[in-house]
Amino acid sequence: MRGLLLSVRRERILLLADTHVGYEVELRRERGVHAMSQTGRLVEKILELVDNYDATAVAILGDVKHELPIPRESAEEIKNFLKALSRRAPVLITPGNHDSLLQEIAAGIDGVEIAPARGVLLGKYLLFHGHVKPAKEDLEKAEVVIMGHTHPAVIITDDIGYAVKEPAVLKINTSRSKVCRALYGEPCKKRGKLKVVVLPASHPLITGVDVREIPQMIAEGRTFLKYVELKPEDVEIYLTDFTFIGTLADVINVAQRTQH
């Protein structure tokens, strides 16, 4: 699945990121590609995961919607998407950079809660989209940061050269002190290691960005990962069924050997 199941106290929370409802509007408008709406398929898959894993809630870590700046064509589709999910389980949203006017769209829908964009702390887990700085007091308490925004994917090539790009989950082991100093100009009170987990995009038509290109993308964009020391050997890559692919260093080395 393109997400995680998080157990916090008595809750079992299905974590997803980047559903990008209305993505098909951009495909048609900007690229001339007429793709069928994937929202029904997305709802069906999420509810299937809720049932299979007995999830008590769903948390979407930003970019629920896609159309910018104003969802002229997709507003009703977004509303129906949220209604369909919230009828089965409460929905918690940490807004992303695509979620302008989401508060207004979700107004009056029972079971939908929109948290601050800077994130929400659930036990030892800090959940947010990843395009803004989290609150320092939350980062000091968290042991694991879980985010979206980056859409990681990995390219897998077989022995005869056939290649496929698959969405991936990243687990980054880093120093809390270095992250805090980069973010806030001073270390956090709590030191030690910090884990950062990056979820892939949930939308079926969005595969993602090759993990080898992520460092360059980070340098050019607004993302929490800009403040994380990304040592390739400390970035673990998993497929969405949690098959371990290797570290970013492994993937880079394999690609370099293949090119030669």
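**Figure 1. Ten residues, from Met1 to Pro204, line the second largest pocket.** The lining is made up of Met1, Arg2, Leu16, Arg41, Leu42, Lys45, Ile46, Leu49, Ser202 and Pro204. The model shown here and in the other views is predicted. The volume of this second largest pocket is about 210 Å³. Helix 2, residues 39-52, gives the most to the lining, with five residues. By class, the lining of the second largest pocket holds six nonpolar residues, one polar residue and three charged residues. Leu16, one of the lining residues, also has a bridge partner in strand 3, namely Ile60.

**Figure 2. Strand 3 pairs with strand 2 and with strand 4.** Strand 2 covers residues 11-16, and it runs parallel to strand 3 over four bridges. In this pairing, Leu16 has Ile60 of strand 3 as its bridge partner. Strand 4 covers residues 91-93 and is also parallel to strand 3, over three bridges. There, Ala59 stands opposite Leu92. From strand 3 the chain passes through helix 3, residues 75-86, to reach strand 4, and this β-α-β crossover is right-handed.

**Figure 3. The side chains of strand 3 point two ways.** Strand 3 spans residues 57-60. Ala57 and Ala59 point one way, while Val58 and Ile60 point the other way. Are these residues buried or exposed? All of them are buried. Two of them return from the pairing view: Ala59 faces Leu92 of strand 4, and Ile60 is the bridge partner of Leu16.

Figure 4. The bond runs from Leu68 to Pro69, with omega near -5°. Most peptide bonds are trans. Where does Pro69 sit? Pro69 is placed in the loop between strand 3 and helix 3. That helix is part of the crossover from strand 3 to strand 4.

Figure 5. Helix 1 covers residues 23-31. Which of its residues are buried? They are Tyr23, Glu24, Val25 and Leu27. Just after the helix, Gly32 takes a positive phi of about 70°. Gly32 belongs to the loop between helix 1 and helix 2. Its relative accessible area is 49%, so Gly32 counts as partly exposed. Arg222 lies 190 residues from Gly32 along the chain, and the two C-alpha atoms are separated by 28 Å.

Figure 6. Most residues other than glycine have a negative phi. Asp54 has a positive phi, near 50°. The loop that holds Asp54 lies between helix 2 and strand 3. Asp54 counts as exposed because its relative accessibility is 54%, and the cut-off for exposed is over 50%. Phi of Leu101 is positive too, near 65°. Leu101 is in the loop between strand 4 and helix 4, the helix of residues 102-106. Leu101 has a relative accessibility of 39%, so Leu101 counts as partly exposed.

**Figure 7. One disulfide joins Cys180 to Cys188.** How many disulfides does a search of the whole structure find? The search finds one. It links Cys180 and Cys188, with 1.7 Å from S to S. The angle about the S-S bond is -75°, and the link is left-handed. Are the two cysteines buried or exposed? Cys180 has 0% relative accessibility, so Cys180 counts as buried. Cys188 is buried as well, because its relative accessible area is 3% and buried means under 20%.

Figure 8. The largest cavity has a volume of about 60 Å³. Its lining consists of Leu170, Ile172, Val211, Ile214, Pro215, Leu225, Leu230, Val235 and Leu248.

Conventions: Residues numbered from 1 in each chain as written. Predicted model: local features only at pLDDT ≥ 70, side-chain atom pairs only at ≥ 80, totals over all residues. Heavy atoms only, no water. Buried < 20%, exposed > 50% of the residue type's maximum accessible area, 1.4 Å probe, protein only. Helix = DSSP H or I, 4+ residues; strand = E, 2+ residues; numbered from the N terminus. Disulfide = S-S within 2.5 Å. 1 Å grid on protein atoms, 1.4 Å probe; cavity = no way out; pocket = protein on both sides within 12 Å on 5 of 7 lines; lining within 4 Å. Points joined across faces, edges and corners; volume = space filled by probe spheres on them. Nonpolar A, V, L, I, M, F, W, Y, C, P; charged D, E, K, R; others polar. Pairing = 2+ DSSP bridges. Right-handed = clockwise from strand over helix to strand, strands pointing away.
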